[in-house]
Amino acid sequence: MNLVTVENISKTYGDKMLFSNITFGIQDDDRIGFIGVNGTGKTTFLKIIAGLVAPDDGRRIANGQARVEYLFQNPEFDNDSTVLQQVFRGTSPIMQVVHDYHQALSKLQKKPGDLELQKQVGELTQQMEQQGAWELEANAKAVLTRLGITDFTAQVGQLSGGQRKRIAMARALIQPSDLLILDEPTNHIDNETVEWLEDYLKRWKGALLLITHDRYFLNRVVNKIIELDNGNLYSYVGNYETFLEKKAEREELMSAMERKHAGLLRNELAWLKRGAKARTTKQKARIQRVEKLQDMDFNQQDNRLDISVAASQRLGKKVLEIKNISKSFGGKPLIKDFTHIMTPGERVGIVGRNGIGKSTLLNMLAGRIAPDFGEIEQGQTVKLSYYDQESSEMDESMRVIDYIKEGAEFVKTNDGARITASQMLERFLFPSNVQWTPIGSLSGGERRRLYLLRKLMEEPNLLIMDEPTNDLDIHTLTILEDYLEVFPGSVIIVSHDRYFLDRTVDHLFIFEGEGKILDFHGSYSDYAERRNQLLKEEAKSSESKEEKQSNRSSGDRPKKKLSFKEQKEFDEIDSVIASLEAELEALQIEIDKAGSNYELLQEYLKKQQEKQEKLEYTMERWMYLTELLEEIESRG
């Protein structure tokens, strides 16, 4: 079934033509990855597909029954809402009732004696039951937890940018939709969460259209790649590996056609130069052929980023010596008694959950903050450049050329040439007309590319990078990886991009929590394989113990199916859990209202304890029945 089609669409941004005369359609079984250099109009194209932006020319045709959900790269938020209220902002009836329920509940907690609010919460509780919304709420909480959000009543305005982006992602993932559009979903989430999202989207039953720089993600989730290149859209059936093969074939074919065209044009021009007269119809036709050949455009303008900045002086034997450093924030240990001696040419990747201390370590290595204990010594020959996650030093009112000149008027390239800041900008895909525009007019990806150029123009021999893959396109990342491969200095990188880590580092600092950092020698894929193997071994050991205990407690043969009573219990248990949770929330409201009435308070607290014990028992039964059912199904 066709969900959305665009016909002959074009779009300009200022004087820049983003794309022209594009026709494209999405079927209900499509899982599409969208690729293109930053600033070429990828996000604008997604918004046209979603119906949020109109094309300058052409039209969008949407299936009237199709539901489209869009995750913005920079979502908007209601800062006064709670996490759950934000997640359930939606137009579908089931989303609306959950949103209204949590909004009313939040108001009632502030005004526990309001009879009208109590009545409203009661009515909405019934609607939740009737529409089966408790399961949706449970799913939302599970998704939020996997995304690292556990305080569901926190105000959105008090959360970090990364946390808010994950709330927006949770909302997009649980929203009922036929087409899910995601703009850079892997930005601002850690490696383990990327892997979870990858598995979640593999099981997604609707159509997908997404922009991401994560090449492993593309390889494992999508079945089609579309590429926006020089205003044209190219479509490839298959994953990222297939795309690379087919793109190489297309470029080889275009190059062969261009060479053939150039040969024909040279021959025809040579004929004209010999002074052939156009007295016959045949000769006039030949002249027209020359004109046609001259007008042909193979659209092969150079869109290749050139990173050829030289490093400064060679590193001496001493780069960084980290001696027993520790750091805590708010009593929480982030780094505890960590020691490492960094050698020339060493390449370190840093991984771990968000908020666990990775950026803190980089800031200490860069000298921006001091450790609580221990010390960090830097070698005398070290010239350090720190590419931070926020690009905080960029003044958006400054012109592009002035920002680069502020760093250096000239730069030395790998081949020993000395080129101007303007020439270097050209190599970084900032043509002369863009160089005189304010930084604020650039796309997010273009700003990150400009920031990267500024850092490299400092000619470092120790490069520290905090999430360099955020907002950079695949083309830029590939060139950066090639640059780092031959970079003569040392590199320290925090990244959630598994492919990028595999290409650029040779060992990892793994933040395990409670201040512990493991030094793992090998690539990220080596580490992931080892971690998964350990998890499987632990699961197998646990299953073996449970099976032995089960066999000891019962000599009966394994069940082939649930009993009638167990099946009935399993069918009803979700609504029982939801009802108990609602009763507990209502009791909490009564407890808040009881105030100093000791006898009434004791009565409510006793009821609360009984309900809580009953809920815990019911949850245990749910887990037991679920595992039993899975075991029966696995045996066939």
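Predicted model: local features only at pLDDT ≥ 70, side-chain atom pairs only at ≥ 80, totals over all residues.

Biologist: How much space lies in the largest cavity?

Modeller: About 60 Å³.

Biologist: And how many cavities of 30 Å³ or more does the structure hold?

Modeller: One.

Biologist: Which element gives the largest share of the lining?

Modeller: Strand 3, residues 31–36. Three lining residues come from that strand.

Biologist: Is E184 buried or exposed?

Modeller: Buried. Its relative accessibility is 5%, so it falls under the 20% cut-off.

Biologist: What about the backbone there? What is the phi of E184?

Modeller: Positive, about 55°, although E184 is not a glycine. L429 also has a positive phi, of about 65°, and L429 is not a glycine either.

Biologist: Where does L429 lie?

Modeller: In the loop between helix 13 (421–427) and helix 14 (432–435). L429 counts as buried because its relative accessibility is 16%.

Biologist: Let's switch to helix packing. At what angle do helix 5 and helix 7 pack?

Modeller: About 145°, and their axes are 10 Å apart. Helix 5 covers residues 133–146, and helix 7 covers residues 191–202.

Biologist: Which residues make the contact?

Modeller: From helix 5, N139, V143 and R146. From helix 7, T193, W196 and Y200.

Biologist: And how do the residues of that contact divide?

Modeller: Three nonpolar, two polar and one charged.

Biologist: Moving past helix 5, where does L159 lie?

Modeller: In the loop between helix 5 and helix 6, where helix 6 is 161–174.

Biologist: Buried or exposed, that L159?

Modeller: Buried. L159 has 17% relative accessibility, so it is under the 20% limit.

Biologist: What does L159 touch, leaving out residues up to four places away in sequence?

Modeller: V83, A154, R164 and I167. There is also a distance for I149, which sits 10 residues from L159 along the chain. Their C-alpha atoms are separated by 10.0 Å.

Biologist: Next, R215. Where does R215 lie?

Modeller: In helix 8, residues 215–221.

Biologist: Which residues does R215 touch?

Modeller: Y240, I474, L477, T478, E481, D497, Y499 and F500. That leaves out residues up to four places away in sequence.

Biologist: What is the place of L480?

Modeller: Helix 16, residues 474–486. L480 is buried, because its relative accessible area is 0%.

Biologist: What does L480 touch?

Modeller: With residues up to four places away in sequence not counted, I307, L452, M465 and F500.

Biologist: How far apart in space are L480 and T504?

Modeller: 9.3 Å, C-alpha to C-alpha. In sequence they are 24 residues apart.

Biologist: I'd like an exposed residue too. What is the place of Q65?

Modeller: Q65 is in the loop between strand 4 (57–62) and strand 5 (68–71). Q65 counts as exposed because its relative accessibility is 68%.

Biologist: Last topic, the whole chain. How many helices and strands does the secondary structure come to?

Modeller: 20 helices and 20 strands. The chain has 636 residues, and 45% of them count as buried.

Biologist: What about contacts between residues at least 6 apart in sequence?

Modeller: Of those, 69% join residues at least 24 apart.

Biologist: And what does the accessible surface come to?

Modeller: About 33100 Å². Carbon and sulfur atoms account for 47% of that surface.

Terms used: Residues numbered from 1 in each chain as written. Heavy atoms only, no water. 1 Å grid on protein atoms, 1.4 Å probe; cavity = no way out; pocket = protein on both sides within 12 Å on 5 of 7 lines; lining within 4 Å. Points joined across faces, edges and corners; volume = space filled by probe spheres on them. Helix = DSSP H or I, 4+ residues; strand = E, 2+ residues; numbered from the N terminus. Axes fitted to C-alpha atoms, helices over the stretch in contact; angles between N-to-C directions. Contact = heavy atoms within 4.5 Å. Nonpolar A, V, L, I, M, F, W, Y, C, P; charged D, E, K, R; others polar. Buried < 20%, exposed > 50% of the residue type's maximum accessible area, 1.4 Å probe, protein only. Areas by Shrake-Rupley, 256 points an atom, 1.4 Å probe, with all protein chains shown as cover.
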